[in-house]
Amino acid sequence: MTATALPLPATEVGTKDRPESTRRAPRGENRAGWLFATPFLAFYIAFLIGPVLIGLVISLFNTTTVRAGLGEWAGLSNYADVLSNGDFWASMWHSVLFTLLTTPLLVLLPLAFAILVSRISRNQWFFRLAFFAPYVVPSAAVCLIFAFMYTPETGLITNAFGWFGLTAPDFFGSTSGAWFAVVLLTLWWTFGFNFILYTAAIQEISEEVYEAAKMDGASPWQQIRLITVPLLRPTMGLVLILQVLSSLKVFDQIYILLAGGPAYSTRPVIQYIFDTGFSSYRGGYAAAATMVYFVILVLVSAAWFLLRRRSNSANA
Amino acid sequence: MSGFSRRQFLAAGGSVSLAVALSGCASPIGSSFTGSQPQTADVIFWHLFGGGDGANMATMVEDAQASSRRSVESTLLSWGNPYYTKLSLSASSGRPPDVSIAHLSRLPLLAQAELIEPVGDQFRAQGVTEDKFTPAAWEKATVGGTPYAVPIDTHPFVLFYNTELAEKAGLLDPSGDGLTPMRNSDDFVAALQAMKDTNGLDFAAVASITADPSTCWRFFLMIYSGLAGPIVSDGGTEVTIDRAAMEETFAFMQGLTQGQELMPRNATATTSTTLFSQGRVGFLFDGVWQIPTYRGVEGLEFNVVPFPALLGPDPVAYADSHALVIPRAAGRSAQRTEDAVGFIKGLLDLSAIWADGGHVPAWLPVQESEEFLELKPQSNYTEAAFNAIYDPPGWYTGAGSDFQTAMGSVIASVLTGATDPTSGVAAMETSLKTFSTARPPV
C-alpha cells in the first residue's frame, strides 16, 4: 500500500495501530493466569501429555504390559507390524463404519427435534429433559438395559418386530443385527448432547428476526428453512466434528453389549488396542497401534479445520 | 450471612475425605490408595463359573469354609478374555486374589509372565503331590519343568448318544452299559450309518458348527492328534503342521458332513441341542459340561462315552482342565499363603461335588472314590482324562482365545464344504502365520 492522504477504513486503522498493551495482558496478570491454570495443567500433564509421551516411547520397544521395564528395543518394527496387520485395519474399518452409520443420524435427527421443540410454546423443559436424560446414564447401565431388550425370544425390541409382522434380526449372532443393535442404542443414548447444543444455538437467534419475517408474511416452515437452519450452520459444523470424533472413539457400547462379536466383526479399533495391549500383554505393539490411530484422528481434525477455514474465508 | 460460607464448606469437605483416607487403610478403598492387597477375608478367591458350575462352586466354597473356619470371599467374573485380563493386571499391579481359577490351556502365558506362584513345598506338606493327579493334567500344569497350578478337573470332548436309538440300531454293548467297541474310523462311520439307517433319521449325529469355532477346533484337534503332534511348537513361534495328517483329518471330517451326510453341515449350538434333545439324531459331539443341559430333558435317555480311536492307533480326547493357582503378590504374608493352600486342598477334597457338572476330578483320591465311581455317566469317561490332548502351549492359545476362533473358522468352512481339504490346510497355515510371526510378549 502506498502512502497516500486517502483515509483508510476505520476498522483497518484500528487493527493496524492497536497498541501492544491491549494485545498482551500485563505481566502480573499473566502470571496470575498461569497460577490459576496450574491445577488443570498439572492434571493435563500427568494424565494426558505424560501418558502420550510414555506411549510414544514404549511403541518403540517390545514392552510387556505385565512386566516392569521397557523390554528390548524394537525400533519401528511395531509400526510395521501394525500397518501390515489385517485385524488392525479390520477394526479401524469397524470404527469408521460405526461413524458412518451414526453421524448422519446424530447430526440431523437432534437438529429436527430441537427445532420442533423450540416451536412448542409450553412446557419446553419437559421435552428438553426427556431428550437429554438418557445422556447422563452410564454406558454399562445403558448396555445392560438394551441387552435385556435385545434378548432373542423374550426381549422387548425383539418382540416389537413381531407387532409389525417382521422378524427381528439376530442382534447378537449376526453382524448386521449387531450393528443395528449398537447404532440404535447409541442414537437413544447420545441423542441428548447434540440436541442440547442445537437448542442453545436456537435460543441465540434473535426473536426480532422471526418477528420481521412474520411481518413480511413468512410461514412457519419458511421461517425454519430460511432463518433457523441457515443461522444454525456453524453449530451444525461443530456438532458434525464433535460427533465424528466421538464416534471414532467408540468402545464402551460395543465392548459391553457385543464384546466386539460375533467373531470380532464389530470390534472397534480401541478394543483391538485393549485386546492386544492388555489381554495379550503386547504393550509395545498396542502403543504403536494407538499412535497410528492418534495420527489418523489428528488428520481428521486437521482436515476439518482446513475445510472450515477455507469456507470461512470464502464467505468473508 | 447464615449457614456455611464456601470456605467453611470446602474445609469441612476436605477434612472428611482426609479422615476417610486415613481411617480406611484396612478397607478396600484405603488399600487401593496404598497399593496393598485388600484383606476383607482370609482367602480372596476369583472364579469364572456361572450356571450349574457356579452353584456347585458356591457349595464347595461354603463347605470348605465351614470345615476350616477360614473365611473366603468368592468373586465371579465374566468368562474368557476379560477374566484373564483382570487376573493378569491385578497380579502385575501387586494386588491379586489369593486363589484363582485358570484353565490349564491358558497357563503357559501366566507362568511365563511370572504372574503366578509355582506349586511348592507348602502343597507337599499338605499332601498335594504329583502322584495324586491325573498324569495328563499334572503334565499340562507344568511349565518348563515347574508345576504352576493344581488341576481340579479334566473336561474332555466326548461322544453323547441316545440310549434308545442306539439300542434299536444294535449299537449297545450287551455286556456293559456302553457302546459296542469301535476300533477305528471305519467302525465309527459304520456305527453312525447304522444309527441313521435303522432309525430312519435325517442325520446320525450333530455337532455345533455354525458360529461355534471352539467346538470345531475341539472336534478337529481330537482327530488330528491321533495322527500327529502339536500344530505349533517352541512356545507358539514355530508352525509344525503335518500336512498329510491335516489333509486326512479334513477329508474324514468333511466325509461326515458332505459325503455320507451323517451330520448336518450348518448347525448352531441351538440346533444341536434341539436335535439331540428331541431324539432326531442319535449322537452328539460336545464337551462333558453339556451334560447338565440334557439331564433334565424329559423323554431323553442318554449316555456319554469317550470317543474311540479314529484315524490314529489310540483313542485321543481333546480336553482342558480347570485349575487353582496362587497369583503372585509380593506383599502376601506367610499366613495368607498357608490359608490359600489350605483352601485349595479343601476344594480338591470336595471335588466330587464339582463332578456333578460333568467334569472328571483330577484329584485321584476323589476320582477313585466309591462316590465318584457310582456317578454316571461321569465315571464312564475317566479314561478320556488320561488320553487328554490340550491346546498346544503358546502365548496365544487356550480357552476362549483368538487362536481358537481363527482355527475354528477355517475348520467350520471345511465342515460346511466351502473349503476343500487341501485348501483347508493352506488356510490353516496362513492363519497360523499371523500368530507365529507376531513377537511373543514374554
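Because the model is predicted, local features need pLDDT of at least 70 and side-chain atom pairs count only at pLDDT 80 or more, whereas totals for chains, interfaces and linings use all residues. Residues are numbered from 1 along each chain as its sequence is written, chains are lettered from A and ligands numbered from 1 in the order in which they are written, and side-chain values use heavy atoms, with hydrogens and water left out.

**View 1. Helix 7 and helix 8 of chain A pack against each other.** Two packed helices are described by the angle between their axes and the distance between the axes. Helix 7 (residues 139-150) and helix 8 (residues 156-163) of chain A meet at an angle of about 40°, and their axes are 4 Å apart; the axes are lines fitted to C-alpha atoms, for helices over the stretch in contact, and angles run from 0 to 180 degrees between N-to-C directions. Helix 7 of chain A is therefore oblique to helix 8 of chain A, given that angles under 35 degrees count as roughly parallel, over 145 as roughly antiparallel, 65 to 115 as roughly perpendicular and the rest as oblique. A:Phe146, A:Phe148, A:Met149 and A:Tyr150 of helix 7 make the contact with A:Leu156, A:Ile157 and A:Thr158 of helix 8 (contact means heavy atoms within 4.5 Å). Helices here are DSSP runs (H or I, at least four residues), as are strands (E, at least two), and they are numbered from the N terminus.

**View 2. A:Asn123 and A:Tyr281 are loop residues of chain A with positive phi.** A:Asn123, which is not a glycine, has a phi of about 55° and sits in the loop between helix 5 (86-118) and helix 6 (124-132) of chain A. With a relative accessible area of 48%, A:Asn123 is partly exposed (buried means under 20% relative accessible area, exposed over 50%, partly exposed in between, with a 1.4 Å probe and protein chains only). A:Tyr281, also a residue other than glycine, has a phi near 65° and belongs to the loop between helix 14 (269-279) and helix 15 (283-315) of chain A, where A:Tyr281 counts as buried at 2% relative accessibility.

**View 3. B:Gln404 is a buried residue of helix 19 in chain B.** Helix 19 of chain B covers residues 402-415, and B:Gln404 has a relative accessibility of 2%. A polar atom of the side chain of B:Gln404 lies 3.4 Å from the backbone oxygen of B:Gly398. Leaving aside residues up to four places away in sequence, the residues that B:Gln404 touches include B:Pro213, B:Trp217, B:Tyr318 and B:Asp391.

**View 4. B:Thr257 lies in helix 11 of chain B.** This helix runs over residues 243-259, and B:Thr257 is buried, with a relative accessible area of 1%. B:Thr257 and B:Thr416 are 159 residues apart in sequence, yet 7.1 Å apart in space, C-alpha to C-alpha. Among the residues that B:Thr257 touches, not counting those up to four places away in sequence, are B:Ile209, B:Met263 and B:Leu415.

**View 5. B:Gly52 lies in helix 3 of chain B.** B:Gly52 is partly exposed, with a relative accessible area of 49%, and helix 3 spans residues 51-68. The C-alpha atoms of B:Gly52 and B:Gly357 are separated by 6.7 Å, although these residues are 305 residues apart along the chain.

Conventions
A polar contact is a pair of N or O atoms within 3.5 Å; within protein, one must be able to donate a hydrogen and the other to accept it, and residues adjacent in sequence count only if both atoms are side-chain atoms.
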